[in-house]
Amino acid sequence: MLLQHINPSPKTAWISSMVWKCIAKLPSLSEEDMLAAKLDGKDIAVFKLGDRYYATSNICSHQYALLTDGYLDGDVIECPLHQGRFHIPSGKALGDPVTEDLAVYPVRVENDEIQVEWPEA
Ligand code: FES
């Protein structure tokens with residue numbers, strides 16, 4: 001019998017190991033608020049809408065602009081550069097000039113921390 005040693009590719013291992021990482025401490029956001037954060041060098045936007053938290057990429061998918069410099073309108077964030085709009089809970093691009101959705105990350109609150117599910121480094 002031939003035994004093969006199978007090593008997962010680094011990419012496979014990266015995808016399969018998710019952990020919860022602290023992105024902000026409570027209470028850092030009031031209701032209907034947002035903040036810019038960095039996680040492993042990536043720009044993340046953290047939103048509080050009512051009593052729920054959301055996290056998305058903080059970089060507009062159209063060109064380079066930080067969404068947290070934009071305008072929060074209910075559950076929609078409007079980009080400060082060309083006024084592209086995204087639905088925060090889904091990351092969905094809501095029309096011209098934005099056509100590409102935002103990355104959305106699972107969020108939980110644990111031990112007074114806002115945590116984002118993130119690939120283990
Ligand atoms: S950079 Fe955001 S809409 Fe153009």
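**Strand pairing and nonpolar core**

In the hairpin formed by strands E9 and E10, where 2 residues lie between the strands, asparagine 111 adopts a positive phi near 50°. Strands here are DSSP runs (E, at least two residues), numbered from the N terminus. The structure is a predicted model, in which local features need pLDDT of at least 70 and side-chain atom pairs count only at pLDDT 80 or more, while totals for chains, interfaces and linings use all residues. Residue numbers start from 1 along each chain as its sequence is written.

Strand E9 (residues 107-110) pairs with strand E10 (residues 113-119) in the antiparallel sense over 4 bridges; two strands count as paired if DSSP finds at least two bridges between them. Within this pair, arginine 108 has glutamine 115 of E10 as its bridge partner.

An open sheet of 4 strands was also identified, with the order E2-E3-E4-E8 and antiparallel pairing. Its edge strands, each pairing on one side only, are E2 (33-39) and E8 (104-105). Strands of a sheet pair through backbone hydrogen bonds, in either a parallel or an antiparallel arrangement.

Strand E3 (residues 42-49) and strand E4 are joined in the antiparallel sense over 6 bridges, and isoleucine 44 has serine 57 in E4 as its bridge partner. The hairpin of E3 and E4 has 2 residues between the strands, and glycine 50 takes a positive phi near 65° there. Strand E4 (residues 52-57) also pairs with E8, again antiparallel, over 2 bridges. In this pairing threonine 56 stands opposite valine 104 of E8, and alanine 55 stands opposite tyrosine 105 of E8.

The largest nonpolar core comprises 20 residues, and Ala45, Val46 and Ala55 have the most contacts inside it. Such a core is a set of buried Ala, Val, Leu, Ile, Met, Phe, Trp, Tyr and Cys residues joined through C-beta atoms within 7 Å, a residue being buried if 20 or more other C-beta atoms, placed from the backbone, lie within 10 Å of its own. Two or more residues of this core come from each of E3, E4 and E10. The most, 4 residues, are given by E3.

How values were computed:
A residue is buried if 20 or more other C-beta atoms lie within 10 Å of its own, exposed if 12 or fewer, and partly exposed in between; C-beta atoms are placed from the backbone.
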